[in-house]
Amino acid sequence: MSTEPNPEPNPAMAPDGDPEVYYLNMGPQHPSMHGVLRLVLKMRGEEILEAEPVIGYAHRAHEKMAENRNYLMFLPNTSRVDYLSGMIYNIAYCQAIEKIMDIEVPERAEYIRIIACELNRISSHLLWFGTFLLDLGGITPFLYCFDDREEILDILDSVTGSRLTYSYGRFGGVTMDVDSAFVARTRAFLARMRDERLPKYRRLVGDNVIFRERCEGVGVITRDVAFRYGVTGPCLRSTGVAYDVRRAEPYSIYDRFEFKIPTRVEGDTMARFDLRIEEMEESCKIVEQAVDGLPEGPIMPAKPKKRYRPPAGEYYFAVESARGHFGTYIISDGTDVPVKLKLRTPSFSNLSSMPDVLRNTMVADTIAIVGSIDVVMPEIDR
Amino acid sequence: MRYVRRVLGGLISLFVGLSITLRELFKKPVTLQYPHEKPSLSPAYRSAIKLIRFDETNSHDCVACLACQKICPSFCIDIEGGKVEGIKKKRATKFTMDFALCSLCGLCIDVCPTVTLEYSKLYDEAGYNRDWNMDLLEEFTDYEEQFITEQREREEKAAAEKKAKAAAAKAKAGKNEKAGKNEKAGKNEKAGKNEKADKVGGQAEEGEA
Ligand code: SF4
Ligand code: SF4
């Protein structure tokens, strides 16, 4: 318990003379806070009057690091921004540079990228699924989904050589080619996921009355709040807005694949849960189509450039990460070192909406609500 | 009544859940008892970089161009080297890499003009301190003198071959009365792979500067 919650006082958090009002610190070292998030709660009894997320505990200055190294040297940083969907971020950065510099990516590399990114999205959602239920007190599903996630990590490991911080993309392609073993394993995984695992998760968790009671109507993000804070990803889609960068501004070759953008209108924790399960299914569909269509050919341009000097100017490139709209904003002065490289990370906006969402809820629901928006703290702090 | 139905519904879903976990109980465990059973390493597995030993020369082919040192985002490579007495090829005399800093990004491997870097398969490394400075030349130093002698022979041989070729080309050109053109072509031919590597290294150096 603390009486001095914040170095920069937020007027809403100030004690208002009510002797019943007290403050509760949740995190940064709380077993069910995601990473190192600190939530300062102003409470009366069990009711949250005001909440304030405090961030910055995992700050590693990635954006600053970008300013003193050339474009290539920033590559390993990208998958460390969000280590749970590192592949998407790594590839997104490559795609941004490719778009700026008009680098042609070989067809095969595009397909491999899509497969890798979508597998990564599934693994990220699986991890969320496991930890979210762990927060709510269910240990068994966590063990099951980590088994699945492990399979994805092994599949990606077999081509990238690492499990989380991939550095797999290069400007113009990818570092390593996939073989028939990779394809066979991916297909086997997809079959297992669709036929066995996802229906099991639905029966074990999604249909469980106790779980539904815990989640339905809890932590409602209204469309208005979502728009005001720039909430994206499954959190936005749970309010009925079918916004997905893959569909809204198709990048790479996403326009060639058939997939749905699942939406819900309730905006509550249950809606976000259902959405992510459905999104895993859609990702499976995309992976299957990409594996079927995987063409032969090179995985890097014939002559990759040695130095990358984007023409002076400002550029923005967005992709859909597992958590929402991820943008890379580059200001170049024509040299091979960016003047500024800003990463627009979805978790930050999603977390910013929390004070509005948490107001007048019960402290026991905090974990369910914060867990359901799927924040990754290192991504927020960068 | 509604309350009773809810409790019943809860009970049923509880039993559905229990039946799923019960069935899972009799399946083969997926857990690997790690130190006793080891999974096989992925073929793409990345660990600390190392210098490749080439069969033809029985040594590495680092020409100390410093391209890898300059591209390394973790600034963990330290190379010294240069001209060696007696041979045309440049050689590295010092090549250390701080594995504690390395982010295994592979940029150094991509950039090497002589393709002499690769990932090693070290995997259960542990230590009592933070000193992870690895000397990548260690396994080559004993052999370096012999390499230089052999390299000199190789270079001499290559030079002699080149000369012979040029002479032959000249003779042929004299016959064909196209002397100018063919002699030029002969000169442009490279002596061997090694000299070429030197050149590429040099270029990369200039490019990076
Ligand atoms: S793999 Fe990357 S971090 Fe490691 S030594 Fe090579 S360039 Fe440096
Ligand atoms: S890039 Fe290759 S040749 Fe150049 S210094 Fe590094 S290891 Fe040696």
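**Conventions.** I'm working with a predicted model, where local features need pLDDT of at least 70, side-chain atom pairs count only at pLDDT 80 or more, and totals for chains, interfaces and linings use all residues. Residues are numbered from 1 along each chain as its sequence is written, chains are lettered from A and ligands numbered from 1 in the order in which they are written, and side-chain values use heavy atoms, with hydrogens and water left out.

**Interface.** I looked up the contacts (heavy atoms within 4.5 Å) and got 30 residues of chain B against 31 residues of chain A. The size of an interface is often given as the accessible area lost when the parts come together. Here chains B and A bury about 2,400 Å², 55% of it on carbon and sulfur atoms; that is the accessible area (1.4 Å probe) lost on being put together, summed over both parts.

I also checked salt bridges (a side-chain nitrogen of Lys or Arg within 4 Å of a carboxyl oxygen of Asp or Glu). The rule finds three across this interface. Arg6(B) pairs with Glu213(A), closest N and O atoms 2.7 Å apart.

**Ser42(B).** I found Ser42(B) in the loop between helix H1 (2-25) and strand E1 (49-51) of chain B; helices (H or I, at least four residues) and strands (E, at least two) are DSSP runs, numbered from the N terminus. Its relative accessible area is 11%, so Ser42(B) is buried (under 20%; exposed is over 50%, partly exposed in between; 1.4 Å probe, protein chains only). Leaving aside neighbours within four places in sequence, Ser42(B) is in contact with Asp157(A), Ser158(A), Gly161(A) and Lys121(B). Lys121(B) is 79 residues away in sequence, but the C-alphas are 9.7 Å apart.

**Ligands.** Near means a heavy atom within 4 Å. Around ligand 1 I listed, among them, Cys72(B), Cys76(B), Cys102(B), Cys105(B) and Cys108(B). The shell divides into eight nonpolar, three polar and no charged residues. Ligand 2 has 14 residues around it, with Cys62(B), Cys65(B), Leu66(B), Cys68(B) and Cys112(B) nearest. That shell has 12 nonpolar, two polar and no charged. Nonpolar covers Ala, Val, Leu, Ile, Met, Phe, Trp, Tyr, Cys and Pro; charged is Asp, Glu, Lys and Arg; the others, Gly among them, are polar.

**Helices of chain A.** H11(A) (residues 269-293) is largely enclosed by the rest of the structure because 19 of its 25 residues are buried. In H14(A) (residues 363-372), nine of 10 residues are buried, including Asp365(A). Just after H14(A), I noted a positive phi of about 55 degrees at Asp374(A).

Definitions and conventions: Buried area = accessible area lost by both parts, 1.4 Å probe.
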